[in-house]
Amino acid sequence: MQGARANDLPAVSFTERHAGGRTRYVLYDPGFVATGMTRSPRQPLRALVGEAAPR
């Protein structure tokens, strides 16, 4: 979560520095990504994370 918030800071700075420009700054957040995280927690959290993970 903190990494995603820190990634927003360059966009804020860019829009302030180039307020009148035509260039757009696009932020892409893939949301939940498939990782090995579904194997590490104990049940019942493992089942919940497994259902939330993309397949």
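## The loop and its cis bond

Pro-44 sits in the loop that runs between helix H1 (2-17) and helix H2 (45-52). The model is predicted. In it, the peptide bond joining Gln-43 and Pro-44 is cis. Its omega is about 5°.

## Overall make-up

Two helices and zero strands make up the secondary structure of the protein chain. The helices are H1, spanning 2-17, and H2, spanning 45-52.

The protein chain has 55 residues, and 9% of them count as buried. Its accessible surface comes to about 5,100 Å². Carbon and sulfur atoms account for 56% of that surface.

## Helix H1: Pro-10

Pro-10 belongs to helix H1. Its relative accessible area is 39%. Buried requires under 20% and exposed requires over 50%, so Pro-10 counts as partly exposed.

Leu-27 lies 17 residues from Pro-10 along the chain.

## Helix H2: Gly-50

Gly-50 has its place in helix H2. Is Gly-50 buried or partly exposed? Its relative accessible area is 22%. The cut-off for buried is under 20%, so Gly-50 is partly exposed.

Arg-39 and Gly-50 are eleven residues apart in sequence. From C-alpha to C-alpha, Gly-50 and Arg-39 are 8.4 Å apart in space.

Technical notes. Residues are numbered from 1 along each chain as its sequence is written. This is a predicted model: local features need pLDDT of at least 70, side-chain atom pairs count only at pLDDT 80 or more; totals for chains, interfaces and linings use all residues. Side-chain values use heavy atoms; hydrogens and water are left out. Helices (H or I, at least four residues) and strands (E, at least two) are DSSP runs, numbered from the N terminus. Buried means under 20% relative accessible area, exposed over 50%, partly exposed in between (1.4 Å probe, protein chains only). Accessible areas come from the Shrake-Rupley method with a 1.4 Å probe; for residues, only the protein chains shown count as cover.
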